[in-house]
Amino acid sequence: MLGTLVVLYLFLGGCGAGVMFVTAAWSLAFHRTRTRTQEQTAAFGDLKARCYGIGFVMLCLAALCLLLDLGRPELAFLLFTRPTLSILSFGSFTLLASILVSGFLAVANLMYVPFVRAGARKAAEAACLAVSLCMMVYTGVYVGWIEAVALWNNAATPALFALSSLSAGISTVFVIAPFVRDATRLSGWMLLLHRVHLAVLVLELVMLAGFVAFEFSNPFAHESLAILFDPSGLGSWFVVGLVGLGLLVPLAVEAFVTATKRLVRALPVDLLCIAGGLVLRFCVVWSGMH
């Protein structure tokens with residue numbers, strides 16, 4: 001029903017939207033502060049440009065995965081020339097809007113474009129917040145609206161996928177930051193982002209528990225749950241890969257950073273958090289297609 005390319009689309013689309021959402025929110029907040037220095041502005045400008053560029057590439061790759069999964073990519077134009085009141089049409093236009101907005105922000109920040117004024121960038125970043133949020137939620141709605149699969153048709157699925165996308169997006173920003181010149185000048189902002197990430201991880205863990213609890217109460221989903229927790233099947237990936245390495249380990253590191261107010265370079269942990277988002281989607285999709 002849903003192949004590997006669709007799972008990659010769900011991950012790349014969600015993570016790319018998460019990167020764009022975090023970067024746009026940070027940019028709007030950063031440029032409202034009056035205490036920022038010229039050095040901080042230059043460092044954040046470099047970080048912002050890289051984040052917008054990588055977010056745009058991830059969204060383009062997500063669209064490519066979706067086109068390749070169709071088998072006949074030329075039929076994708078029908079989604080825009082003959083739109084319907086359906087979840088698929090909404091997702092198609094959301095993805096297109098996300099690519100257009102992220103592409104504009106990537107070009108405006110990576111290249112010297114004199115005719116793009118600050119007001120236009122702020123408007124684009126405000127629009128980016130809206131379309132990115134819709135894209136993150138849609139990756140869960142895309143799966144959750146399929147009533148024929150009991151495991152997927154879960155009220156917690158859209159929120160779970162959205163929180164996972166946001167967490168992966170924040171972790172991607174953390175991965176990019178060390179490669180930015182003078183990134184240490186943004187330490188105060190980075191500490192704030194770590195606190196936000198801690199809250200997101202807690203909410204994601206709670207939502208995952210709610211997702212599993214809802215499925216235990218649904219007798220039609222018990223067979224899929226058995227596959228999801230089978231130690232010889234997806235169990236090791238779900239329990240160890242997602243819950244252990246993808247959620248609990250990053251949660252412990254973020255709690256340490258928040259408690260000590262000391263930044264630590266934890267690139268492997270951030271990569272584990274990003275990989276956890278991919279594992280989540282593979283486990284949910286594959287266990288539902290038993």
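A crossing of two helices is called right-handed if the near helix is turned clockwise from the far one by less than a right angle, and left-handed if anticlockwise. In this predicted model, the crossing of H1 and H7 is right-handed.

Helix H1 covers residues 4-30 and helix H7 covers residues 187-216. The two pack at an angle of about 135 degrees, and their axes lie 13 Å apart. Angles over 145 degrees count as roughly antiparallel and those from 65 to 115 as roughly perpendicular, with the rest, apart from angles under 35, being oblique; H1 and H7 are therefore oblique to each other. On the H1 side, the contact is made by Val22, Trp26, Ala29 and Phe30, and on the H7 side by Trp189, Met190 and Leu193. Seven residues of this contact are nonpolar, none is polar and none is charged.

H7 also takes part in the second largest pocket, where it gives the most to the lining, with four residues. The other elements that give two or more residues are helix H9 (235-260) and helix H10 (267-288). This pocket holds about 390 Å³ of space. Its lining consists of 20 residues, and those nearest the centre are Ala177, Pro178, Met190, Val264 and Arg265.

The lining of the second largest pocket divides by class as follows.

| Class | Lining residues |
|---|---|
| Nonpolar | 13 residues |
| Polar | four residues |

Definitions and conventions: Residues are numbered from 1 along each chain as its sequence is written. This is a predicted model: local features need pLDDT of at least 70, side-chain atom pairs count only at pLDDT 80 or more; totals for chains, interfaces and linings use all residues. Side-chain values use heavy atoms; hydrogens and water are left out. Axes are lines fitted to C-alpha atoms, for helices over the stretch in contact, and angles run from 0 to 180 degrees between N-to-C directions. Contact means heavy atoms within 4.5 Å. Ala, Val, Leu, Ile, Met, Phe, Trp, Tyr, Cys and Pro count as nonpolar, Asp, Glu, Lys and Arg as charged, and the others, Gly among them, as polar. On a 1 Å grid over the protein atoms alone, a cavity is a set of points where a 1.4 Å probe fits but cannot get out, and a pocket is an open set with protein on both sides within 12 Å along at least five of seven lines; lining residues have an atom within 4 Å of a point. Grid points are joined across faces, edges and corners, and a volume is the space filled by probe spheres set on the points.
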